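Hi,

Here is the structure I said I would pass on. Have a look at it, and then read on for what turned up.

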Amino acid sequence: MAFGDYPAEYNPKVHGPYDPSRYYGKPDTPFGQVKLSELGAWFSRRNKSPNALAGAMSRAWWRWQHKYVQPKRAGIAPFFQITVAAMTFFYVINYGKMRHHRNYKYH
């Protein structure tokens, strides 16, 4: 699969119009329904290649877009979500600098 191509599992006659937020591969047990004894086997069935990880992130992005950003009556939720994500990200990357400025008791 090259950049911009449809997934190999996608068949327009079977699946209809292409949806970038849908996984067209073979369905498997959802993570929420996996028992602890089956967790190792479930992880071993996952495709861990960089292309598969990029595809998973792309599907997550499009699911978020379809749910919060692209509806006709989209609210203010995506702006708050981006703000909280940015605040968390910058807190994490600056934590090493901020921890040196703590207030300590010296007695």
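Predicted model: local features only at pLDDT ≥ 70, side-chain atom pairs only at ≥ 80, totals over all residues.

R45 is partly exposed, with a relative accessible area of 46%. For that term, under 20% relative accessible area is buried, over 50% is exposed and anything in between is partly exposed, using a 1.4 Å probe and protein chains only. Residues are numbered from 1 along each chain as its sequence is written, and side-chain values use heavy atoms, with hydrogens and water left out.

Back to R45, which sits in the loop between α2 and α3. Helices here are DSSP runs (H or I, at least four residues), strands are runs of E of at least two, and both are numbered from the N terminus. Not counting residues up to four places away in sequence, R45 touches D28 and T29; contact means heavy atoms within 4.5 Å. With D28 there is also a polar contact, side chain to side chain, at 3.0 Å. That term covers a pair of N or O atoms within 3.5 Å; within protein, one must be able to donate a hydrogen and the other to accept it, and residues adjacent in sequence count only if both atoms are side-chain atoms.

**The overall picture**

The protein has four helices and zero strands, in the order α-α-α-α. How does the radius of gyration sit against that of a compact globule of 107 residues? Such a globule would come in near 13 Å, but the protein has 21 Å. That radius is taken over C-alpha atoms, and the globule rule is 2.2 Å times the number of residues to the power 0.38. The C-alpha trace spans about 75 × 45 × 30 Å along its principal axes. Buried residues make up 9% of the 107. Of the contacts with a separation of 6 or more, 25% are between residues 24 or more positions apart.

N51, in helix α3 (residues 50-69), is 32 residues from T83 along the chain, with 29 Å between them. N11 is partly exposed at 32%, whereas N51 is exposed at 65%.

**Tyrosines and S21**

Y6, Y10, Y18 and Y24 form one aromatic cluster. Rings of Phe, Tyr and Trp (its six-membered ring) pair if their centres lie within 6.5 Å; planes under 30 degrees apart are stacked, over 60 edge-to-face and the rest tilted. By this rule there are eleven aromatic pairs. In one of them, Y10 and Y18 have ring centres 5.2 Å apart and planes at 75°, so they are edge-to-face. Y18 and Y24 are stacked, because their centres are 5.6 Å apart and their planes at 25°. Y10 is buried at 12%, as is Y24 at 6%, while Y18 is partly exposed at 32%.

S21 lies in the loop between α1 (12-15) and α2 (39-44). Is S21 buried or exposed? Buried, because its relative accessible area is 10%. Leaving aside neighbours within four places in sequence, S21 is in contact with R59, W62, R63 and H66. Its side chain also makes a polar contact with the side chain of D19, at 3.0 Å.

**The annotated stretch**

An unreviewed UniProt entry annotates residues 74-93 as "transmembrane region". UniProt positions are in the numbering used here, feature names are shortened, and annotations may be inferred rather than shown by experiment. In the model, that stretch is 85% helix and 0% strand, and its end C-alpha atoms are 31 Å apart.

Cheers
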